[in-house]
Amino acid sequence: MASLFEQLARAVIDGNNKVTPQLVSQAFQEGISAEDVLNKGLLAGMEEVGRLFKAEEYYVPEVLLSARAMRAAMEVLRPALVKSGVEPKGRVALGTVKGDLHDIGKDLVGMMLEGGGYQVKDLGRDVAPRDFVEAALSGEVQVVGLSALLTTTMENMRATIKALEESGAREKVKVIVGGAPVTEAYAEEIGADGYGEDAVSALEKVKELIGA
Ligand code: B1M
């Protein structure tokens, strides 16, 4: 009999958006932490989906089904990751950069930040540099977070930071970047203030940058 983590991973791989959230609820009933559900179950499944896609055993439709199952599971995870009703420690505008449609990781980062007491302004995906600039100039956020999952769209992080600089908005906000192809060295190279390897380190970095 496969472990609950294996079943969770399998449900994501199969793109089963009915069973995946049910298994998350079952895991909670069995006292398994949200962190383990995410890392040992859901993300393990997503990693395998990535491998199958690379090996051309999966194509975009299968990957979309897995993404849908992952999203359904995240809705069950959300209350465990997010506390509400507390005065926010700070505000963060978050988006996936121009040309990039991957938003599952960005949404997880958002949930983790909300869970850590920050208010998140979700700018969505395929976000143009000018929209990040507008959020920074609004004076409503202290941090702007950029996510990218493609080596081709990573360069739009650089373009976004450049646009923030040119508009005068750069000095008003801290910028953090993250996403699978992004590294600490790249973050430094493009002039970001911080890099988050995963959602937990994104939260830690925001805390460190705004001191709250
Ligand atoms: Co795409 N895709 N995809 N895809 N996809 C990848 C990224 C890929 C690695 C697959 C592969 O080849 N193995 C590959 C990229 C190759 C590369 O550039 N190096 C790829 C490709 C090629 C493509 C297309 C070009 C395919 C095509 O059309 N031929 C296309 C591009 C579309 C576009 O964006 N313009 C495409 C499309 C798609 C779907 C739409 C089908 C779907 C996305 C659905 C959605 O997001 N709504 C999809 C998916 C699901 C994936 C994989 C399988 C899974 C991504 C994911 O959600 N991971 C992915 C392979 C993989 O990663 N295993 C793949 C789970 C998520 C929780 O992790 O996003 O890494 P991640 O986020 C992490 C960290 O990175 C970090 O924290 C998160 C939580 O720990 N993080 C941050 C993320 N953002 C952060 C921001 C921060 C800090 C940390 O601060 C602000």
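I started with Thr 20, which lies in helix 2. Helices here are DSSP runs of H or I with at least four residues, strands are runs of E with at least two, and both are numbered from the N terminus. Before going on, I noted that this is a predicted model, where local features need pLDDT of at least 70, side-chain atom pairs count only at pLDDT 80 or more, and totals for chains, interfaces and linings use all residues. Residues are numbered from 1 along each chain as its sequence is written, and side-chain values use heavy atoms, with hydrogens and water left out.

**Thr 20**

Is Thr 20 buried or exposed? Its relative accessibility is 0%, so I put it down as buried. Buried means under 20% relative accessible area, exposed means over 50%, and partly exposed is in between (1.4 Å probe, protein chains only). I then listed its contacts, meaning heavy atoms within 4.5 Å. Leaving aside neighbours within four places in sequence, Thr 20 is in contact with Leu 8, Ala 11, Val 12, Leu 42, Ala 69 and Ala 73.

**Helix 4**

Next I followed helix 4, residues 60–81. Where does helix 4 bend? I found a bend of about 35° at Glu 75, and a proline, Pro 79, follows within four residues. The bend is the angle between axes fitted to the seven residues ending at a residue and the seven starting there.

I also checked which residues of helix 4 are buried: Ser 66, Ala 67, Ala 69, Met 70, Ala 73, Met 74, Leu 77 and Leu 81. An α-helix has 3.6 residues a turn, so residues three or four places apart point the same way. The cover over the buried residues of helix 4 includes helix 1 (4–13), helix 2 (19–29), helix 3 (34–54) and helix 5 (104–115).

**Cores**

I looked up the nonpolar cores, which are sets of buried Ala, Val, Leu, Ile, Met, Phe, Trp, Tyr and Cys residues joined through side-chain atoms within 4.5 Å. The largest has 39 residues, and Leu 42, Met 70, Leu 77, Leu 81 and Leu 113 have the most contacts inside it. Helix 3 gives the largest share of this core, 7 residues. At least three of the core residues come from each of domain 1 (4–83) and domain 2 (91–210). The domain bounds come from an automatic or database domain assignment.

Apart from this core I found another, of 26 residues, including Met 154 and Val 177.

I picked out Leu 113 for its neighbours. Not counting residues up to four places away in sequence, Leu 113 touches Val 92, Leu 94, Tyr 118, Val 120, Ala 202, Leu 203 and Val 206.

**Domains**

How far apart are the C-alpha centres of domain 1 and domain 2? I read 24 Å. Their contact takes 11 residues from domain 1 and 8 residues from domain 2.

I traced an open sheet of 5 strands, ordered 2-1-3-4-5 with parallel pairing. Two strands pair if DSSP finds at least two bridges between them. Strand 2 (119–127) and strand 5 (194–196) are at the edges with a single partner strand each, so one side of each has no neighbour in the sheet. On average, neighbouring strands are turned by 20° against each other, direction ignored.

Then I went strand by strand. Strand 1 pairs with strand 2 over 6 bridges, and Arg 91 has Gln 119 as its bridge partner in strand 2. Strand 1 also pairs with strand 3 (residues 143–147), over 5 bridges. There, Leu 94 has Gly 145 as its bridge partner in strand 3. Strand 3 and strand 4 pair over 5 bridges, with Lys 174 in strand 4 as the partner of Val 143.

Why did I call strand 1 largely enclosed by the rest of the structure? Because 6 of its 7 residues are buried.

**Two positive phi values**

Most residues other than glycine have a negative phi, and most peptide bonds are trans. I noted Glu 56, not a glycine, with a positive phi of about 60°. Glu 56 is in the loop between helix 3 and helix 4 and is exposed, at 56% relative accessible area. Asp 126 has a positive phi near 55°. Asp 126 lies in strand 2 and counts as partly exposed, at 32% relative accessibility.

Technical notes. Axes are lines fitted to C-alpha atoms, for helices over the stretch in contact, and angles run from 0 to 180 degrees between N-to-C directions.
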